[in-house]
Amino acid sequence: MVLEAPLVAADVVQWLYSDAPQLDGTLEIVSELAQRLRAGGVPVDRATTGIWIVHPNVRAEGSIWDSEGTRELRRYVPGEDADANYESSPIKRVHETKQPVRVDISNCAGTDDDFPVCQELREEGYTDYIALPMPFSDGSVKVATFATKAPKGFSGGNLSVFDSIMRPLALVCELKSLRRTAETVLNTYVGPRAGLKVLDGTTRRGEGEWIKAVISFADIRGFTRLSNSLPADKLVLFLNKYFGAMTEAVEAHGGEVLKFIGDEVMAIFPYETEEEAKSAAYNALLAARDTLKKIGEINQQKTCMVTPDMSVGIALHAGDVFYGNVGSETRLDFTVVGPAVNLAARIAELAKDLGREVLVSDNVAGLMGCRSGLFGSYHVKGFDDPVSVYSPNLTSGEKFDNCPDITVARALEEN
């Protein structure tokens, strides 16, 4: 049964103001919206939204639904192809004019309105297309589009329904966009684990929790001299490549980078049970191995002849750390603190002094169930007792045992 346009619009608007905000994101909203429109007799066969987002690598997100079963969240990254597609799209015209753009797909071939997207839709059997502005409260305009395969296209009543639902649809999409922006900013600057806690309300100074974790400290060898000699733009390029390699390796193995301190990277691999502890230690070693491998590849590529080869040192320690907010009344930092963090930093300094790529503390060796191949025991600043460290050779193969006996001492025995 085909309902009257005002009744369809009222039903959809009521849903947008009541239940739609409870959905997870714009893709879910667009999918259910299209199905509700179809149930009311509006012949929607394709519906999309396009929203600019705040993200270090992504320019916009598009939610795409069609009657053939497509449910896709598409991310658009800056680049020549993406820019060219945008320049030749009805989306750009909507952004510029803040007015709807309707295209009679069946009869627009060879005209100025025959956009590339309309050519593609024509081949798929679509007959009519409309792109409408979604006004956000900040004055910006986002876009929603609808297309149909109905022989006669959209009727005047269908268009009035679209017009009626745009503002409430924009409001719901803006709410989701703001949440998405907050998540992106927090994940980018404090990490996903800390970001989720901040969004959940853990923002008071001193608020946090004690957790168990393997702590990883990594730094660039000779960075002070390097930073004094390289031009600023080349230094930033150098650091981004190093930070990128380290972060990718840590996240690939379940860890989280907490902060960059000059040339240092601090990451954690949390655990709770004994089994998780062994896995966290193993993953931290895998991340260290992959970091060294990635940096070796960067050095071989010689993408920037001005910058020298990278050389890093990585220290791993495990223990209890306080994970939470520290700082002033107006400026907080979500981080980990405690004696275990201090010792991890000291072992990183020790690795630099000893010229080792990787040093593992006795605690990490204990989690791995292996203390063979002790590299030595050393006094470090701020700690009374000497610190035992191990130096596994992680470059000997793609895999290594939970008890990596390929230390300097064992290598000497084999020779």
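Thr145 is buried, at 2% relative accessibility; buried here means under 20% relative accessible area, exposed means over 50%, and partly exposed is in between, with a 1.4 Å probe and protein chains only. Before going on, a word on where this comes from: the model is predicted, local features need pLDDT of at least 70, side-chain atom pairs count only at pLDDT 80 or more, and totals for chains, interfaces and linings use all residues. Residues are numbered from 1 along each chain as its sequence is written, and side-chain values use heavy atoms, with hydrogens and water left out.

Back to Thr145, which sits in strand β6, residues 141–148. Helices (H or I, at least four residues) and strands (E, at least two) are DSSP runs, numbered from the N terminus. The side chains of Thr145 and Thr48 are joined by a polar contact of 2.5 Å. A polar contact is a pair of N or O atoms within 3.5 Å; within protein, one must be able to donate a hydrogen and the other to accept it, and residues adjacent in sequence count only if both atoms are side-chain atoms. Neighbours within four places in sequence aside, Thr145 is in contact with Arg46, Ala47, Thr48, Ile91, Tyr129, Ile130 and Ala131, where contact means heavy atoms within 4.5 Å.

Next, the largest pocket. Its space is about 880 Å³. On a 1 Å grid over the protein atoms alone, a pocket is an open set of points where a 1.4 Å probe fits, with protein on both sides within 12 Å along at least five of seven lines, and lining residues have an atom within 4 Å of a point. Grid points are joined across faces, edges and corners, and a volume is the space filled by probe spheres set on the points.

The lining has 33 residues, and Arg74, Tyr76, Ser89, Ile91 and Val117 lie nearest the centre. Which element gives the most to this lining? That is β1, with six residues. Among the elements that each supply at least two residues are β1 (46–52), β2 (60–66), α4 (90–97) and α5 (116–123). By type, the lining divides into 16 nonpolar, 10 polar and seven charged residues. Ala, Val, Leu, Ile, Met, Phe, Trp, Tyr, Cys and Pro count as nonpolar, Asp, Glu, Lys and Arg as charged, and the others, Gly among them, as polar.

Staying with α4: Pro90, Lys92, Val94 and His95 are buried in that helix. Lys98 lies in the loop between α4 and β4 (101–103) and is partly exposed, with a relative accessible area of 48%.

Another loop residue is Ile53, between β1 and β2. Is Ile53 buried or exposed? Ile53 counts as buried because its relative accessibility is 14%. Ile53 and Ser177 are 124 residues apart in sequence, yet 7.2 Å apart in space, C-alpha to C-alpha. Leaving out neighbours within four places in sequence, the contacts of Ile53 are Val58, Arg59, Ala60, Glu61 and Arg180.

Ser31 belongs to helix α2, residues 26–39. Ser31 is buried too, at 9% relative accessibility. Beyond four places in sequence, Ser31 is in contact with Trp65 and Arg71.

Last, the cysteines. Cys118 is buried at 0% relative accessibility, and Cys173 is buried with a relative accessible area of 0%. How many disulfides are there? The count is zero, a disulfide being a pair of cysteine sulfur atoms within 2.5 Å.
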